[in-house]
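This report covers helix packing, the sheet and the ligand surroundings of one model. Please keep the sequence and the structure in view while reading.

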Amino acid sequence: MFKSQICRRVVSRMFSAKQPSIGKFTGRPDPKTGNFKVSFIEGDGIGPEISKSVKDIFAAAKVPIDFESVVVKPLLVNGVTSIPEEAQKSINTNLVALKGPLATPVGKGHRSMNLTLRKTFGLFANLRPAKSVEGFKTIYDNVDLVLIRENTEGEYAGIEHAIVPGVVQSIKLITREASERVIRFAYEYARAAERPRLIVVHKSTIQRLSDGLFVDVAKELQSEFPDIKLETELIDNAVLNTVSDPSKYSDAVSVCPNLYGDILSDMNSGLSAGSLGLTPSGNIGHKVSIFEAVHGSAPDIAGQDKANPTALLLSSVMMLHHMGLHEHAAQIEKAVLTTIAAGPECRTGDLKGTASTSSFTEAVIKRL
Ligand SMILES: NC(=O)C1=CN([C@@H]2O[C@H](COP(=O)(O)OP(=O)(O)OC[C@H]3O[C@@H](n4cnc5c(N)ncnc54)[C@H](O)[C@@H]3O)[C@@H](O)[C@H]2O)C=CC1
Ligand SMILES: O=C(O)CCC(=O)C(=O)O
């Protein structure tokens, strides 16, 4: 009785079926099979375990998708880290991919394959919603945050050099073009999600030219979106205000340069779920989009059947909405959320539960 009450409560949806007009999916199902093809990068560490969970759940839910497995191992072309041609071909043909985490060596070796994918496919906006999961108690109830991170430049442009031993320079690159496309996407997303405020998070008191340009572009674009109220907030204030009372942002979308977005979104995951294991994301481009969990390859728990596949599953739900497969998205989302709400025996260790990756997956399949 109690469990079924919880189950009824948790079907409140995390994701809206309404999609922004920028970055729309233009793929078509294969005329022979009637199924869509989606490129699938399983990734490193816990990647194969959480990817198996998604595949098993999609098969059980009879989602009309055929996954095409692609390997994204680092390739050096003229000294530049590149994506293997076969993977590029698959993703450029299918126009959509689901991706497990890819590990990056610290301080040496190839550049991040995650950043290389974003750069290669022009995935300019990183959409990271963080919402409380009903039935799992954290410090705050009803956290509902949406952050959009610029995804191609800023400190992640990778322009670094040693001037003399002991003196290193790292250049934060901000361009009008990249700022404009991500901010326009953020306005559009706010409109589609019916969130009336757009908050530009910045530090233009200090980074006067770079963050200053980002803020100026947001102000210039405002006349195109009279229904959305533009606000600006310094990054340090945004952190303090969000941890003090996240409910202040439930009607807003925040948009910010790359590094601020990376850090803020992990904080939002902690506030909404207390774990990185729940937070999904979409890397949106004009032609191609790639959906992935916010978390990394979690080498500390890899290969132990302990990882929480929810973040990748919710990323796949975002992907299904993006592709217009709203009913399948809602079915999988509901099954995942009701499983988490059913109690600690159904939750993985990061959510103080006792379930393994595989027993959690079985529990979701039973609820489809
Ligand atoms: N987009 C991507 O593919 C990303 C890749 N990375 C890479 O991942 C590797 C590991 O990075 P870390 O800093 O350790 O961050 P991480 O996100 O992999 O792990 C941080 C902590 O969260 C836990 N965690 C993460 N995902 C979980 C899940 N699904 N279920 C249960 N617990 C989970 C881990 O066990 C660890 O304690 C690095 O090589 C990093 O470069 C990091 C962030 C994003
Ligand atoms: O590529 C990496 O190693 C880290 C990427 C990252 O921080 C992210 O996806 O948020």
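Are helix 2 and helix 9 oblique or roughly parallel to each other? Two notes come before the answer. This is a predicted model, in which local features need pLDDT of at least 70, side-chain atom pairs count only at pLDDT 80 or more, and totals for chains, interfaces and linings use all residues. Residues are numbered from 1 along each chain as its sequence is written, while chains are lettered from A and ligands numbered from 1 in the order in which they are written.

**Helix pairs**

Helix 2 (residues 47-60) and helix 9 pack at about 45 degrees, and are therefore oblique to each other. Angles under 35 degrees count as roughly parallel, over 145 as roughly antiparallel, 65 to 115 as roughly perpendicular and the rest as oblique. Helices (H or I, at least four residues) and strands (E, at least two) are DSSP runs, numbered from the N terminus. Axes are lines fitted to C-alpha atoms, for helices over the stretch in contact, and angles run from 0 to 180 degrees between N-to-C directions.

| Pair | Angle | Axes apart |
|---|---|---|
| Helix 2 and helix 9 | about 45 degrees | 9 Å |
| Helix 5 and helix 6 | about 50 degrees | 9 Å |
| Helix 9 and helix 10 | about 160 degrees | 8 Å |

The crossing of helix 2 and helix 9 is right-handed; that is, the near helix is turned clockwise from the far one by less than a right angle, anticlockwise being left-handed. Helix 2 contributes Ile-50, Ser-53, Val-54 and Ile-57 to the contact, and helix 9 contributes Leu-312, Leu-313 and Ser-316. Contact requires C-beta atoms, placed from the backbone, within 7 Å. Five of these contact residues are nonpolar, two polar and none charged. Ala, Val, Leu, Ile, Met, Phe, Trp, Tyr, Cys and Pro count as nonpolar, Asp, Glu, Lys and Arg as charged, and the others, Gly among them, as polar.

Helix 9 (residues 310-322) also packs on helix 10 (residues 326-341). These two are roughly antiparallel. Their crossing is left-handed. Contact residues include Leu-313 and Val-317 of helix 9 and Ile-332 and Val-336 of helix 10. By class, the contact holds eight nonpolar, four polar and one charged.

Helix 5 (residues 176-192) meets helix 6 (residues 210-221). The crossing is right-handed. Among the contact residues are Arg-176, Glu-180 and Arg-184 of helix 5 and Phe-214 of helix 6. Seven nonpolar, one polar and three charged residues make up this contact.

An open sheet of 10 strands runs in the order 2-1-5-14-13-6-7-12-10-11, with mixed pairing. Strands pair if DSSP finds at least two bridges between them. Strand 2 (65-69) and strand 11 (229-234) are the edges; each has a single partner strand, so one side of each lacks a neighbour in the sheet. The twist averages 25 degrees from one strand to the next. Helix 7 (residues 235-244) packs on the sheet, touching strand 10 (197-202) and strand 11, and makes about 95 degrees with the direction of strand 11. Strand 6 (residues 125-131) and strand 7 (residues 144-150) run antiparallel, joined by seven bridges.

**The ligands**

Which residues come nearest to ligand 1? Of the 20 around it, they are Ala-103, Thr-104, Gly-277, His-295 and Gly-296. A residue is near if its C-beta atom, placed from the backbone, lies within 6 Å. The ligand 1 shell has 10 nonpolar, seven polar and three charged residues. Ligand 2 is surrounded by Thr-104, Ser-112, Asn-114, Leu-115 and Asp-262.

Methods: Contact = placed C-beta atoms within 7 Å.
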